[in-house]
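Open the model in your viewer and keep the selection tool at hand.

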Amino acid sequence: MAGTESRPAPVDMDPAALGRLVVAVMNARATIQPGGFWQIKGKWQMGTPAKSDFQYNAQGSSSDVERPYCGRYEGWFEMKEKSGVTRYLEHELTLSFIKNSVGGYNVSGRSKTDFGHSDIKGLMTRDGKMRFAKLAAAPAAAPVAAAPAPRERPAPKVRNGSSKAKGKGNNEVWGKAEKLLKQLENHDRNQSFWFTQPAEDQGQAYLDRIKEPMDFKRIAKALRKRNYASLGDFARDVRLCFSNAKEYNFMSSHPAHLAANALGDLFEEKFARLEAWAAN
């Protein structure tokens with residue numbers, strides 16, 4: 001038997017150490033079922049406190065009662081959506097378990113779902129407790145370039161004052177801007193939660209890549225303090241929320257990317273009306 005000095009160190013589960021976007025975090029327990037078939041069952045979460053069920057079943061048996069089966073698994077995960085709970089299947093799911101230097105196992109693998117491919121990386125303790133992350137699969141080509149900066153509309157004229165004034169004397173205009181932002185937040189909570197959390201809470205890996213973080217809370221504070229010089233400046237920050245989400249979550253099928261597109265379209269529609277109203 002190889003000594004512990006020849007075994008790999010445990011996987012560092014810090015998001016910055018994982019090196020890529022964490023799509024989901026899974027907490028589970030692995031148990032051996034009759035016939036030597038391993039089952040992994042637990043809860044997963046994606047950017048919010050809400051947790052949903054998932055389950056993986058090994059497609060081969062193993063006589064090892066400590067180390068789970070290495071190879072192909074089939075499974076599913078549930079997602080809470082506006083219409084209710086939807087169950088999605090895992091495709092091309094493979095897992096491997098390598099004993100590490102502290103007696104547990106490093107977990108690695110790969111999965112394909114309706115949202116795209118992801119790599120799996122994590123840990124399992126000797127008593128079968130598992131914690132692993134699904135990571136956005138690295139693109140085969142060169143690193144993804146930043147999303148192009150959204151084209152800004154000309155700063156509109158606002159009522160009762162210059163568009164360059166910091167909102168002073170224009171409370172009606174900024175009140176409507178605040179209402180627009182609140183409409184985005186309330187339109188679909190499953191979409192808007194990506195943008196309501198402070199950008200700084202996304203972790204160091206996010207801040208290393210996104211050079212100008214922005215979120216709805218920061219925009220709301222700027223509106224309350226009348227810090228925007230024009231409606232165009234307000235629109236720039238809202239669009240920045242969406243372009244940041246699409247740059248970091250570069251897979252077009254990722255829920256954050258989809259939410260950015262959906263809320264971005266809604267914003268453009270409502271902002272055009274606000275501009276037209278303010279210009280009259």
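Start with the second largest pocket of this predicted model. About 420 Å³ of space lies there. Select M46, M79, K80, N190 and F193: of the 21 lining residues, these are the closest to the pocket's centre.

Now colour by secondary structure. Strand 2 (37-45), strand 4 (71-81), helix 3 (189-196) and helix 7 (255-279) each put at least two residues into the lining of this pocket. Which of the elements gives the most to that lining? Helix 3 does, with four residues.

The structure has one cavity of 30 Å³ or more. The largest cavity holds about 190 Å³. Select V23, F77, T113, F115 and K134, which lie nearest its centre among 16 lining residues. Strand 1 (22-33), strand 4 and strand 7 (116-124) each supply at least two residues of the lining of this cavity. By class, the cavity lining splits into ten nonpolar, five polar and one charged.

The structure holds 15 aromatic pairs. In this one the ring centres of F77 and Y88 are 5.5 Å apart and the planes are at 20°, so the pair is stacked. F77 sits in strand 4 and Y88 in strand 5 (residues 84-99), so the pair ties together parts eleven residues apart in sequence.

Move to F234 and F267. Their ring centres are 6.1 Å apart and their planes are at 70°, so this pair is edge-to-face. F234 belongs to helix 6 (residues 231-248) and F267 to helix 7, so the pair ties together parts 33 residues apart in sequence. Both F234 and F267 are buried.

Last, show the largest nonpolar core, with its 58 residues. I40, F195, I219, F234 and F242 touch the most other members. Helix 7 gives the largest share of this core, nine residues. Centre on I219. Leaving aside neighbours within four places in sequence, I219 is in contact with L181, M214, Y228, F234, D237, V238 and C241. Another core of eight residues lies apart from the largest one; A136, Y206, I210 and Y248 are among its members.

Methods
Residues are numbered from 1 along each chain as its sequence is written. This is a predicted model: local features need pLDDT of at least 70, side-chain atom pairs count only at pLDDT 80 or more; totals for chains, interfaces and linings use all residues. Side-chain values use heavy atoms; hydrogens and water are left out. On a 1 Å grid over the protein atoms alone, a cavity is a set of points where a 1.4 Å probe fits but cannot get out, and a pocket is an open set with protein on both sides within 12 Å along at least five of seven lines; lining residues have an atom within 4 Å of a point. Grid points are joined across faces, edges and corners, and a volume is the space filled by probe spheres set on the points. Ala, Val, Leu, Ile, Met, Phe, Trp, Tyr, Cys and Pro count as nonpolar, Asp, Glu, Lys and Arg as charged, and the others, Gly among them, as polar. A nonpolar core is a set of buried Ala, Val, Leu, Ile, Met, Phe, Trp, Tyr and Cys residues joined through side-chain atoms within 4.5 Å. Buried means under 20% relative accessible area, exposed over 50%, partly exposed in between (1.4 Å probe, protein chains only). Contact means heavy atoms within 4.5 Å. Rings of Phe, Tyr and Trp (its six-membered ring) pair if their centres lie within 6.5 Å; planes under 30 degrees apart count as stacked, over 60 as edge-to-face and the rest as tilted.
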